[in-house]
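These are my notebook entries on one structure.

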Amino acid sequence: MTSTTTQQGPQESRIFPSPAAFAAQATVSGMDAYNALCAEAAADYEGFWGRLAKENLVWQKPFTKVLNEDNAPFYKWFEDGHLNVSYNCLDRNLQNGNADKTAIIFEADDGKSVHVTYKELHEKVCKFANGLKSRGIKKGDRVIIYMSMSVEGVAAMQACARIGATHSVVFGGFSAKSLQERIIDAGAVAVITADEQMRGGKQLPLKAIVDEALALGGCDTIKDVIVYKRTGGNINFVAGRDLWLHDLVDNQSAECEPEWVDAEHPLFILYTSGSTGTPKGVQHSSGGYLLWAALTMKWSFDIKPNDVYWCTADIGWVTGHSYIAYGPTAVGATQVVFEGIPTFPNAGRFWGTIAKHKVSIFYTAPTAIRSLIKASDLDASVHPKNYDLSSVRLLGTVGEPINPEAWMWYYTQVGREVCPIVDTFWQTETGGHMITPLPGATPMVPGSCTLPLPGIMAAIVDESGADVPNGQGGILVVKRPWPSMIRTIWNNPDRFKSSYFPEELGGKMYLAGDGAIRNKDTGYFTITGRIDDVLNVSGHRMGTMEIESALVANPLVAEAAVVGKPDETTGESICAFVVLKQARPTGDDAKKLALELRNWVAKEIGPIAKPKEIRFGDNLPKTRSGKIMRRLLRVLAKGETITQDVSTLENPAILEQLKEAS
Ligand code: PRX
């Protein structure tokens with residue numbers, strides 16, 4: 001925690017009641033139903049969660065204990081219960097009449113689509129799981145999945161779950177070095193990848209990056225690299241290590257007895273950025289995690305048997321875990337899995353795909369909405385009004401705050417003013433939605449994620465952990481454990497405790513890392529942004545320290561400081577202040593070097609971490625004790641004049657140099 005935010009929430013007075021037709025059929029049918037669930041949780045917390053876990057999951061051995069707090073904050077949920085996640089997502093659907101229902105509509109980059117039924121997906125996953133077993137991969141082993149959006153990517157995750165292997169999906173946009181670091185930290189035994197990925201009409205490498213990552217060294221635990229043939233592009237094959245997925249699975253049995261695991265068994269590790277050090281391996285459970293992924297599909301998305309659901313996230317992020325791989329399958333939904341990008345072949349791709357597959361629930365990121373607003377302002381032919389979006393009944397957003405203007409456009413232009421919007425606030429660590437309107441119940445306010453879901457004890461406190469009154473900004477915390485919460489940081493329980501349950505707050509409250517404010521009248525939450533050194537660029541989390549470390553790893557760089565700068569489209573953009581070991585470059589030299597360093601960061605971390613701007617100085621603004629004054633850098637990045645007191649600054653003249661981008 002570096003500071004308490006005292007920012008005020010947006011002055012937004014518009015309130016949109018849930019559209020009546022929607023409310024009439026909604027799973028949570030109004031505020032009375034919402035309040036009743038909250039009251040149930042308040043009256044008997046364990047009873048509430050125990051009931052939901054029994055009703056929403058199939059247990060091979062029922063649990064007798066709901067919550068174990070003995071070793072807090074290492075909470076355990078449903079710990080003596082046994083289940084299998086893939087059984088809950090697949091076999092359950094074969095038994096309850098969904099065998100021939102479409103599980104996945106795969107919409108390829110080139111616009112071709114394929115329907116896969118639950119029976120077919122089950123068969124694919126069983127064969128995949130048997131293939132993994134045939135390579136000696138077993139319960140508790142870690143498997144890295146480095147793939148683009150595909151049926152095989154989802155199947156790989158489910159296959160790991162079926163045999164009790166813990167997967168760690170690495171987003172296909174991460175660099176070889178990032179991949180290598182994750183392989184080493186997870187101690188993985190195998191990598192599942194594809195020859196190449198298709199994005200925006202281009203073939204991009206995947207397997208070649210795996211080769212590069214392994215060549216960087218230290219990955220001795222890896223025995224197998226399993227390759228899904230997506231494009232048939234030319235790739236290198238290492239005998240004895242690499243094998244084609246089709247060779248591995250083709251002759252396997254289509255039946256695979258699930259490995260029954262304890263509810264606490266780690267289903268996956270997903271790396272995410274923190275304010276310090278290397279990315280953290282967020283470890284999630286099997287039982288508690290799946291309960292929330294399934295239940296929020298019903299509560300937040302009001303999922304019904306005939307819905308066609310589409311979440312545009314990538315399986316490399318938590319949204320693609322909870323709301324593509326696991327949540328939708330756990331409730332037997334039909335979903336679109338999209339390989340491409342929103343702007344190919346043109347910026348009408350989302351709207352065209354909704355019309356084509358009659359999507360009824362659509363879930364995307366504010367950055368995508370903002371960029372499509374811009375695109376349709378420039379080219380009216382890609383405006384949503386040109387497409388038949390009448391199938392849509394519910395809209396959702398995730399990953400970053402949505403500004404009221406973008407919310408209104410989404411509501412009127414995409415949702416025809418008849419679709420509720422669920423602005424879902426949550427995090428990699430929370431496993432599923434935390435604060436969101438319930439469609440059909442919660443009146444909506446543009447830019448506010450409104451109220452916590454029943455059972456989620458979210459609150460706003462000051463730096464000592466005391467509650468702050470509504471209308472006053474503070475630190476967002478969750479006061480009680482909940483089933484889908486992070487269990488630990490892989491390999492680093494101490495960091496788990498200090499990052500999320502800091503002693504300053506009493507060691508028992510979960511610290512989200514965001515600032516928030518509640519409206520004086522409605523009690524609605526508005527997220528005011530991170531209170532640590534974490535940036536949110538296009539809904540992707542980036543640690544400023546990680547980018548700084550990447551920059552100083554360049555032989556030319558002596559020092560670097562990275563801050564976020566508000567950006568109209570991406571929410572925030574990355575602005576880096578750099579001191580070189582050589583003289584400060586100017587003019588074309590500076591431009592050339594800035595480009596070189598941007599590409600360097602892309603190579604070190606991945607293109608998503610590329611600074612948008614690099615500014616060179618002879619030094620950075622520092623206090624006399626040598627501390628970099630980041631708050632001044634944030635002001636400079638915004639292009640604003642510094643009005644703060646700079647008397648503690650050792651070298652005020654430096655501010656002038658850092659005013660403008662190279
Ligand atoms: O700052 C919050 C922001 O995204 C962070 C979590 O990022 P990540 O773990 O990558 O997960 C993203 C997908 C769940 C949060 O700490 N954030 C997420 N959703 C919202 C949001 N900020 C405002 N409004 C949201 N709806």
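**Entry 1**

I began with Asp302, which counts as buried because its relative accessibility is 0%. The model is a predicted one, and I read each entry with that in mind. I located Asp302 in the loop between helix H10 (287-299) and strand S16 (308-311). I then looked up its backbone angle: phi of Asp302 is near 55 degrees, which is a positive value in a residue that is not glycine.

**Entry 1: Cis peptide bonds**

Ala72 and Pro73 are joined by a cis peptide bond, with omega about 5 degrees. Pro73 sits in the loop between strand S1 (67-68) and strand S2 (76-77). Phe344 and Pro345 are also joined by a cis peptide bond, and here omega is about 0 degrees. I found Pro345 in the loop between strand S17 (334-338) and helix H12 (349-357).

**Entry 2: Helix H4 and its partners**

I examined how helix H4 (residues 85-95) packs against helix H5 (residues 118-134): their axes come within 9 Å and cross at roughly 135 degrees. H4 is therefore oblique to H5. The crossing of these two helices is left-handed. Which residues make the contact? From H4 I listed Ser86, Cys89, Leu90, Asp91, Asn93 and Leu94, and from H5 Tyr118, Lys119, Leu121, His122 and Val125. By class, the residues of this contact of H4 with H5 are six nonpolar, three polar and two charged.

I then looked at H4 against helix H11 (residues 318-330), where the axes are 8 Å apart and the packing angle is about 50 degrees. H4 is therefore oblique to H11. H4 passes H11 in a left-handed crossing. On the H4 side I recorded Val85, Asn88, Cys89, Arg92 and Asn93, which meet Tyr326, Thr329 and Ala330 of H11. The contact of H4 with H11 has four nonpolar, three polar and one charged residues.

An α-helix has 3.6 residues a turn, so residues three or four places apart point the same way.

I checked the span of helix H6 (residues 151-163): its 13 residues reach 18 Å from the first C-alpha to the last, close to the 18 Å expected at 1.5 Å a residue. How many residues of H6 are buried? I recorded 13 of its 13 residues as buried, and H6 is mostly covered. After H6 comes Gly164, whose phi is positive, near 80 degrees.

Helix H13 (residues 366-378) has 13 residues and reaches 19 Å between its first and last C-alpha, close to the 18 Å expected at 1.5 Å a residue. Its buried residues are Pro366, Thr367, Ala368, Ile369, Arg370, Leu372, Ile373, Ala375 and Ser376. I then asked what covers the buried residues of H13. The cover includes H12, strand S18 (361-364), strand S19 (394-398), H14 and strand S29 (571-580).

I found Leu535 in strand S26 (residues 534-537). Leu535 counts as buried because its relative accessibility is 5%. Setting aside neighbours within four places in sequence, I listed its contacts as His540, Arg541, Met542, Thr544, Val562, Val563, Gly564, Glu572 and Ile574. For one of these I looked up the spacing: Leu535 and Ile574 are 39 residues apart along the chain, and their C-alpha atoms are separated by 7.8 Å.

With neighbours within four places in sequence left aside, Asn236 is in contact with Lys207, Asp211 and Asp242. Asn236 and Leu636 are 400 residues apart along the chain, and I noted a separation of 47 Å between their C-alpha atoms.

Terms used. Residues numbered from 1 in each chain as written. Predicted model: local features only at pLDDT ≥ 70, side-chain atom pairs only at ≥ 80, totals over all residues. Heavy atoms only, no water. Axes fitted to C-alpha atoms, helices over the stretch in contact; angles between N-to-C directions. Helix = DSSP H or I, 4+ residues; strand = E, 2+ residues; numbered from the N terminus. Parallel < 35°, antiparallel > 145°, perpendicular 65-115°, else oblique. Left-handed = near helix turned anticlockwise from the far one by under 90°. Contact = heavy atoms within 4.5 Å. Nonpolar A, V, L, I, M, F, W, Y, C, P; charged D, E, K, R; others polar. Expected span 1.5 Å × (residues − 1). Buried < 20%, exposed > 50% of the residue type's maximum accessible area, 1.4 Å probe, protein only.
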